[in-house]
Amino acid sequence: MRKYDMYIIKELFANYYYGREYFFYHLFKDYETANNKMKKILSKQIDYISSSIPAIQIYKQLIEQLQGRKDFIMNNGMFLVENSRGSVNFKIYPKKCVMQSTGTMDIDMIFMEALRKTEFNFLVVDLDNGRFGWIKPMKDHHYLETLSSR
């Protein structure tokens, strides 16, 4: 199973750290492994660089983009796509979105492509596999893969 955490990074930080996303990755990785005292400090840093998830806008975008799919289900606030290539579920939390998937890697792209059409600077972090990157490139920068390895 693959797990992706998706954060909206404030534009000031997204622009400054574009091309140096590994700083964000290490912040989120350190948070996951920190003790309680350090976790409080890192939580404040994460809150400072990231925005709350505009849940209603994201729900609308996902429904608009995915409602025509026969393999799309929405159940108790969770979005699910399940087909012969695998399954992927997507849940919105106040500070991040979480996507979990099994099967082929292309099934991961279903929700990422829908989120790419939003105006937000989503950073995707796969802590288990050390992968991270922007869902869509910044307007004034060169294209960056959805997930890049460092």
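**Burial, strand pairing and side-chain contacts in a predicted model**

Six of the eight residues of helix α5 (residues 109-116) are buried, so the helix is largely enclosed by the rest of the structure. The model described here is a predicted one. The buried positions of α5 are Ile110, Phe111, Met112, Ala114, Leu115 and Arg116. These buried residues pack against β1, α4 (55-66), β4, β5, β6 and β7 (122-126).

The pairing with β6 is antiparallel and comprises five bridges; within it, Met6 stands opposite Cys97 of β6. The pairing with β7 is likewise antiparallel, with four bridges, and here Ile8 has Phe122 of β7 as its bridge partner. Strand β2 (residues 50-51) is joined to β1 by two bridges, again in the antiparallel sense. Ile8 takes part in this pairing too, its bridge partner in β2 being Ser51. Ile8 therefore has a bridge partner in β7 and another in β2, by the criterion that strands pair when at least two bridges are found between them.

Strand β7 also contains Val124. At a relative accessibility of 0%, Val124 counts as buried. The C-alpha atoms of Val124 and Met6 are 4.5 Å apart in space, although the two residues are separated by 118 residues in sequence.

Strand β3 (residues 72-75) pairs with strand β4 (residues 78-83) in the antiparallel sense, through four bridges. Strand β5 (residues 86-92) runs antiparallel to β4, and six bridges join the two strands. Val81 has Val88 of β5 as its bridge partner.

Helix α2 (residues 22-33) packs with helix α3 (residues 36-49). For two packed helices, the description consists of the angle between the axes and the distance between them. The angle for α2 and α3 is about 145°, and their axes are 9 Å apart. The crossing of these two helices is left-handed. On the α2 side, the contact involves Phe24, Leu27, Phe28, Asp30, Tyr31 and Glu32, which meet Lys39, Leu42, Ser43, Gln45, Ile46 and Ile49 of α3. The residues of this contact divide into seven nonpolar, two polar and three charged. In general, an α-helix has 3.6 residues a turn, so residues three or four places apart point the same way.

A search of the whole structure finds eight salt bridges. Two of them involve Asp5, which counts as buried at 3% relative accessibility. In the salt bridge between Asp5 and Lys3, the closest N and O atoms are 3.4 Å apart. Lys3 is partly exposed, with a relative accessible area of 30%. In the salt bridge between Asp5 and Lys96, the closest N and O atoms are 3.5 Å apart. Asp5 lies in strand β1 (residues 2-9), whereas Lys96 lies in the loop between β5 and β6 (97-103), so this pair ties together parts that are 91 residues apart in sequence. Both Asp5 and Lys96 are buried. Through shared partners, salt bridges join Lys3, Asp5 and Lys96 into one network.

A further salt bridge links the side chains of Arg131 and Asp126, with an N to O distance of 3.1 Å. Both Arg131 and Asp126 are buried.

Terms used:
Residues numbered from 1 in each chain as written. Predicted model: local features only at pLDDT ≥ 70, side-chain atom pairs only at ≥ 80, totals over all residues. Heavy atoms only, no water. Salt bridge = Lys/Arg side-chain N within 4 Å of Asp/Glu carboxyl O. Buried < 20%, exposed > 50% of the residue type's maximum accessible area, 1.4 Å probe, protein only. Axes fitted to C-alpha atoms, helices over the stretch in contact; angles between N-to-C directions. Left-handed = near helix turned anticlockwise from the far one by under 90°. Contact = heavy atoms within 4.5 Å. Nonpolar A, V, L, I, M, F, W, Y, C, P; charged D, E, K, R; others polar.
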